[in-house]
Amino acid sequence: MSDEEHMRAALALAARGLGNTWPNPSVGCVIVRDGRVVGRGHTRPGGRPHAETEALRAAAGQAKGATAYVTLEPCCHWGRTPPCTDALIAAGVGRVVVALRDPDPRVDGVGLQRLRDAGITVEVGLLEEEARRTNAGFIKRFGCGLPMVTLKLATTLDGRIATRTGESQWITGPEARRLAHALRGSHDAVMAGSGTLLADDPELTCRLPGYAPMPTVRVIADGRLRTPLAARLFNADAPAWIATVPGHDPAALAALEQCGAEFLDIPAAPEGGLEPEALLRALAARGITRLMVEGGAVLGASLLRAGLVDRLAWFAAPALMGGDGRSGLESLGVDRLAAMPRLRVTSRRPAGESWLIEADILPASAAPS
């Protein structure tokens, strides 16, 4: 097998940990000696042990002179675990192929130099773009203090999420809902607006057995503190965070805390609701790197207007509802075609009778004029 094939295997391992390693990145490592894979590993739930440590453990002493393929630069600082650079050096690997430098300033380039200083051949940049996409949330959190945001929509073909009377369950079928649960499991947190909470009373958990070892954080954007004490949100064994403005009645806050809620104080936006960038920065400050926004035509639109959505996951059901149905997105304030958010479709796949279309939101400078 070629270097590229081994790195693709490492990237596939890294993808297994998405949603389960925050605030750490999800890394994959493959160790090859004399053309044979002797060790594989990926970052374990909670961010440790690291991928290199897992792969070296699996190699069981066969790593001397081997090549290690790692999707992110090995760490070189002490945290709760020893540096991975030291483990690779002690194991006697002869070559390390790295897809991407680590944006963490404690590591950035230093880990690579430490390996080189130990006489190990180091090569950087193999499948860098693929590695960058896998760790987009970790990179964005370090680069600008924000999580990567995926907006999930489940609508009819004409973009409706509920009838005029509010009936919404279910527009898509069971296959699409299973895929939606898998998407939840690959994100650190899932966020919905209070309107969705009141209308649908969702748990917002990943309920695919064995899929998400770490409980997904559920976040409710609730500036008016309308979350009911009996919400199903509090029945699941997973964190429940309520983002709201300061100044609510202490007794109301205490009652929700008794149910298991934690609070994030977020300033109000001038046009009402929560200030969207402040909300995302508060989540990133708590370690969230990958956020899925699920439910809330107002919430989704506010994030799109602010240019804070990175990816779209659209479940399109083969049905029509008409203009009196409820739109999947509230006003974006578009008065010119050039102002529309533009997308680059990255995948299309069937989800039962529906389709899942995944796309990147293009920055304004990249959208066609």
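Modeller: Let us begin with the open sheet of nine strands, whose order is S11-S10-S9-S8-S12-S6-S13-S16-S15, with mixed pairing. Strands here are DSSP runs of E of at least two residues, helices are runs of H or I of at least four, and both are numbered from the N terminus; two strands pair if DSSP finds at least two bridges between them. At the edges are strand S11 (261-265) and strand S15 (343-351), each pairing on one side only. From one strand to the next the twist averages 25 degrees, with axes taken as lines fitted to C-alpha atoms (for helices over the stretch in contact) and angles running from 0 to 180 degrees between N-to-C directions.

A word on the ground rules: this is a predicted model, in which local features need pLDDT of at least 70 and side-chain atom pairs count only at pLDDT 80 or more, while totals for chains, interfaces and linings use all residues. Residues are numbered from 1 along each chain as its sequence is written, and side-chain values use heavy atoms, with hydrogens and water left out.

Within the sheet, strand S13 (residues 311-317) and strand S16 (residues 354-361) pair in the antiparallel sense over six bridges. Leu 312 stands opposite Ala 359 in S16.

Now for the rings. The structure holds one aromatic pair, where rings of Phe, Tyr and Trp (its six-membered ring) pair if their centres lie within 6.5 Å; planes under 30 degrees apart count as stacked, over 60 as edge-to-face and the rest as tilted. The partners are Phe 138 and Phe 142, edge-to-face at 5.0 Å centre to centre with 65 degrees between the planes. Both lie in helix H6 (residues 136-144), four residues apart, about one turn of the helix. Phe 138 is buried at a relative accessible area of 6%, whereas Phe 142 is partly exposed at 32%; buried means under 20%, exposed over 50% and partly exposed in between, with a 1.4 Å probe and protein chains only.

Arg 177 lies over the face of Trp 170, at 4.5 Å from the ring centre, and Arg 286 over that of Trp 241, at 4.7 Å.

As for the cysteines, a search of the whole structure finds zero disulfides, meaning pairs of cysteine sulfur atoms within 2.5 Å. For Cys 75, the nearest cysteine sulfur is that of Cys 84, 3.7 Å away. Cys 75 counts as buried at 9% relative accessibility, and Cys 206 counts as buried at 17%.

Definitions and conventions: Lys NZ or Arg CZ within 6 Å of the ring centre and 35° of its normal.
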